[in-house]
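Have the model open as you read.

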Amino acid sequence: IILITLFLLSVGLVFTGSRGGMISLLIGFAFLALLVYSRRWRRSHIPTMLIFLGMALAYSIFLGSGPLLARFLDLDHEGRYHACKAALAIFQEFPWLGAGVGAFGDLFSRFQPANLADYRFDYVHNDWLQLLAETGLAGFALISAAWLVFLGGLVKQWHRCQDHVGRGLGLGGLAALAAGSFNALMEFLFHIPAYALMFAAIAAITYLAVHLRPQAAAGFSCPQISPLQVRLLWVLLPAFIVMQLFFIIQVSRLWRAELAAPTERNSVRLPLNPSLKDFGGAIRYNPWNSKYYEGLARSLGGGPQTSPEAFVEAEDAWRQAIRYAPADWRLHGRLADFYLANFPKASFQYVPLAFKELSAGLTLFPNSASLHLRLAQVLAWSEKFFPGLIPADLENRREYHAGRAVALKPGLKFCPACGASVA
């Protein structure tokens, strides 16, 4: 029954169309065969593995997996190529400590080509490369070395294991860990909580399996620890419990904030439109999420008819949103539009601020046709009505930004005299 189940799972994996998954399956079986061969244990099973994989492949082709297997010939992956290229560029800028965990999604726009301007890349599709970009050499070396030491220790203990059950479970677990680690080169698997939890469970089960003793000497073969180590454990255990409680409290606050004003996609519920009060409640639970401040600013509005109190609150909300997501070019563009919508109140103050935010947005996304066009339009408008408010570094730059907008989006037409555009 187990063999049939494994056979069906292997055939099903082919029908997912995941090239990384299929290659990782082969890597898992190869690692399994290598361990069997290195221990001189049941080497006759290696040809059986090859026959099993061949039969699974043949049966999947018989069922019609040819078009899915043909995906291996499709080498057109411009998005993933540019994501990997951007990750390497980020690493070059922050080589030692990285740009910060989770920062890739915001920094990618600095290296994003114009033809991918409508897409957002939060992940590299290569967990190891994203780890290098976000944590630098220090974090990458620490995590990869720890993983290699752990995996190497499991392999060493597996060679010493004499329990038949432990040896078999450990062999399968080691193959799964090797396959999962390899698959992370082609996907963002460890950014999926369910996968990360499953991987950790497999690692724990494998650790227990390779430390099993033969049934005659029933027990767990983990080395004995000294009295000093026991006392150290009693000191660390309360600290660990406190950390877990703190983590649970923080997670509950984040969960309550998301319930108050949902900002993440959720396929199991209808989209909601949080109110001003909802965003305020979410900020009380989680004051570090820029999306809540953006929602608050949008709810407050900000047109010429806005009251002075609401205007100040909206401006502060936009600035707080940028504070907690400083590399998000969209926020800078929206704050610029906010200032332009309110220029009648104090044009000498808000027009220069709008230029500042548009320039910041272009620094973060230099290949954005929309930002170049917007800046060219504002420059054309300011040259006509407020020539003295144009910053020195933007003087006589209208034609340049208009030209860049058209070059980045060839279907765009711009009228230099009036600042208008049509697609």
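The notes below go topic by topic.

This is a predicted model, in which local features need pLDDT of at least 70, side-chain atom pairs count only at pLDDT 80 or more, and totals for chains, interfaces and linings use all residues. Residues are numbered from 1 along each chain as its sequence is written, and side-chain values use heavy atoms, with hydrogens and water left out.

**Aromatic rings**
- The whole structure holds 19 aromatic pairs (rings of Phe, Tyr and Trp, the last by its six-membered ring, with centres within 6.5 Å; planes under 30 degrees apart are stacked, over 60 edge-to-face, the rest tilted).
- Phe311 and Phe338 count as stacked because their ring centres are 5.1 Å apart and their planes are at 15 degrees.
- This pair joins distant parts of the chain, 27 residues apart: Phe311 sits in helix α13 (residues 308-324) and Phe338 in helix α14 (residues 329-341).
- Helices here are DSSP runs of H or I with at least four residues, strands are E runs of at least two, and both are numbered from the N terminus.
- Phe311 is buried at 5% relative accessible area, and Phe338 is also buried, at 5% (buried is under 20%, exposed over 50%, partly exposed in between, with a 1.4 Å probe and protein chains only).
- Trp147, Phe150, Phe190, Tyr195, Phe199 and Tyr207 are linked into a cluster by ring pairs.

**A loop proline**
- Look for Pro410 in the loop between α17 (398-408) and β1 (413-414); Pro410 is exposed, with 67% relative accessible area.
- Pro410 and Pro214 are 196 residues apart along the chain, and their C-alpha atoms are separated by 72 Å.
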